[in-house]
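Visitor: I would like to go through this chain with you, strand by strand. Could you take my questions in turn once it is on the screen?

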Amino acid sequence: LKASCGQRQRRPSAPAAGTPMAPAGGGSATGFKSYAFHPKAYAKAVMHGCKHSSEPILGLFLGSSSGKVMKVEDAIPLFHTHSLGPMLKIACMLAEEYCKATGGLEIVGLYHAVPSGSTEMTPVKAIADKIASNFASASVWTLDAGKLPAKKFAFVGLGHAKDKWEAIGGDAVSLSSEAMGETARLISELKHLDIVDFDDHLVDGSQSWLNEKLFKGDALDKLQITEIGR
């Protein structure tokens with residue numbers, strides 16, 4: 001597992017989700033008390049980062065809100081190269097069309113990682129701000145691959161509120177330990193090499209960047225989203 005994502009050596013920066021550091025009042029400053037991740041969404045994003053550990057990666061999170069809960073229900077891997085404006089615009093338009101066809105989903109945030117392992121959002125801030133202009137409570141999640149061997153939640157989260165990006169506390173993140181364990185297993189089995197992003201699709205149109213069959217027949221395919229307190 002360490003070899004799979006080993007090139008992302010984290011530099012000290014913002015505290016990671018999964019450590020108690022919630023803003024005053026608990027949870028999140030975005031208006032959502034919790035972020036519930038579907039196991040498939042989490043696994044896709046982690047696997048994308050591990051497949052391209054020596055490259056900057058970028059993807060979208062799709063989801064829906066229910067009261068004070070943001071449900072992160074799917075992940076769309078986009079790039080493992082520098083994301084050029086025109087290609088990013090096309091990818092986002094196609095993702096929006098997918099959301100409409102699926103029903104009930106919208107682009108609620110993004111995830112990213114850089115080879116250095118830094119958890120700063122600086123490389124994607126302009127993109128994040130654009131997403132926040134369309135979805136005011138957007139969030140940004142940076143991969144912290146160093147947490148994967150311990151089967152811990154491997155993202156640092158920032159939420160958008162009142163024109164600022166503020167840390168999302170670890171107590172606001174909902175994902176079962178089983179989901180994190182199954183994700184670690186998939187990476188140890190090199191299943192992450194099968195994930196397809198938009199870059200791959202542009203090279204070979206027969207490859208689906210929606211990754212509909214990625215978890216077919218796998219134990220993770222049966223896991224459901226869980227919310228805090230349930």
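Visitor: Which residue in β8 is the bridge partner of A36?

Guide: This is a predicted model, in which local features need pLDDT of at least 70 and side-chain atom pairs count only at pLDDT 80 or more, while totals for chains, interfaces and linings use all residues. Residues are numbered from 1 along each chain as its sequence is written, and side-chain values use heavy atoms, with hydrogens and water left out. Strands β1 (residues 34-37) and β8 (residues 173-174) run parallel and are joined by two bridges, where strands are DSSP runs of E of at least two residues, helices are runs of H or I of at least four, and both are numbered from the N terminus. Across from A36, the bridge partner in β8 is S174.

Visitor: In which sense do β1 and β3 pair, parallel or antiparallel?

Guide: Two strands pair if DSSP finds at least two bridges between them, and β1 and β3 have four. Within this pairing A36 stands opposite K71 of β3, and the sense of the pairing is parallel.

Visitor: Are the residues of β1 buried or exposed?

Guide: Buried means under 20% relative accessible area and exposed over 50%, with partly exposed in between (1.4 Å probe, protein chains only). S34 and A36 point one way from β1, whereas Y35 and F37 point the other way, and all of them are buried.

Visitor: How many residues of β2 are buried?

Guide: Strand β2 (residues 57-66) is mostly covered. It pairs in the antiparallel sense with β4 (residues 106-113) over seven bridges, L60 having L110 as its partner there, and β2 also pairs in the antiparallel sense with β3 (residues 69-79) over nine bridges, where F61 stands opposite A75. Of the 10 residues in β2, the number buried is eight.

Visitor: Which residue in the turn between β2 and β3 has a positive phi?

Guide: The two strands form a hairpin with two residues between them. The phi in question is about 65 degrees, and the residue is G67.

Visitor: How many disulfides does the chain have?

Guide: A disulfide is a covalent bond between the sulfur atoms of two cysteines, and the rule applied here asks for a pair of cysteine sulfur atoms within 2.5 Å. By that rule the count is zero.

Visitor: Why does C92 count as buried?

Guide: C92 counts as buried because of its relative accessibility. C99 is buried as well, with a relative accessible area of 4%, while for C92 the value is 18%.
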